[in-house]
Amino acid sequence: MLSLIPILLQAVGPILARVIPDPKAQAEAQAELIKAVSENQSAIMGAMADVMKADAASESWMTRNARPTVVFWSLTMITGFMVASLFGAGPDLTAAFKGIPQQLWDLTTYGIGAYILGKSGVDIAKAVRK
């Protein structure tokens, strides 16, 4: 999300220039926008961390292991694709994968990122606790 700030400022900059002619006031408005986006991102990350903590503390085996299962499945699929490509099946698999909706790829990407972030958080918390 933070990488979107320059793109957002590029899009909003001309509008701010028309609405707020004073360069100093424009800079202040941009700073407030950056602060609001950053705070929003922090709140989202905090909420994600809370959900991951709740999932990890759940009594349900499925809830505790949902994220790791998605990550391991994704890594298995990627590894399988790479191995199959070595045997000449790459073009066929690539054509098949193009039919997978972008939302599924996003789920896989976010699942891996969330798992890594959550696992890192747990490891850091354990280290700090010692």
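The model is predicted, so take the ground rules along: local features need pLDDT of at least 70, side-chain atom pairs count only at pLDDT 80 or more, and totals for chains, interfaces and linings use all residues. Residue numbers start from 1 along each chain as its sequence is written, and side-chain values use heavy atoms, with hydrogens and water left out.

**Overall fold**

Helices here are DSSP runs of H or I with at least four residues, strands are runs of E with at least two, and numbering goes from the N terminus. The radius of gyration comes out at 21 Å, whereas a compact globule of 130 residues would be near 14 Å. That radius is taken over C-alpha atoms, and the globule rule is 2.2 Å times the number of residues to the power 0.38. Along the principal axes, the C-alpha atoms fill a box of roughly 60 × 50 × 25 Å.

Of contacts with a separation of 6 or more, 53% join residues 24 or more positions apart; a contact means heavy atoms within 4.5 Å.

**Surface and charge**

Buried residues make up 15% of the 130. The chain exposes about 9700 Å², with carbon and sulfur atoms supplying 69% of it; areas come from the Shrake-Rupley method with a 1.4 Å probe, and for residues only the protein chains shown count as cover.

There are 11 positive and 10 negative side chains, and the centres of the two sets lie 7 Å apart. Lys and Arg count as positive and Asp and Glu as negative, leaving out His and the chain ends. Each charge is placed at NZ of Lys, CZ of Arg, CG of Asp or CD of Glu.

Buried means under 20% relative accessible area, exposed over 50%, and partly exposed in between (1.4 Å probe, protein chains only).

| Residue | Relative accessible area | Class |
|---|---|---|
| K35 | 52% | exposed |
| E39 | 48% | partly exposed |
| S74 | 2% | buried |

The whole structure holds one salt bridge, meaning a side-chain nitrogen of Lys or Arg within 4 Å of a carboxyl oxygen of Asp or Glu. K35 and E39 form it, at 4.0 Å from N to O. Both sit in helix 2 (residues 23-57), four residues apart, about one turn of the helix.

S74 belongs to helix 3 (residues 61-86). Leaving aside residues up to four places away in sequence, S74 touches T108 and I112.
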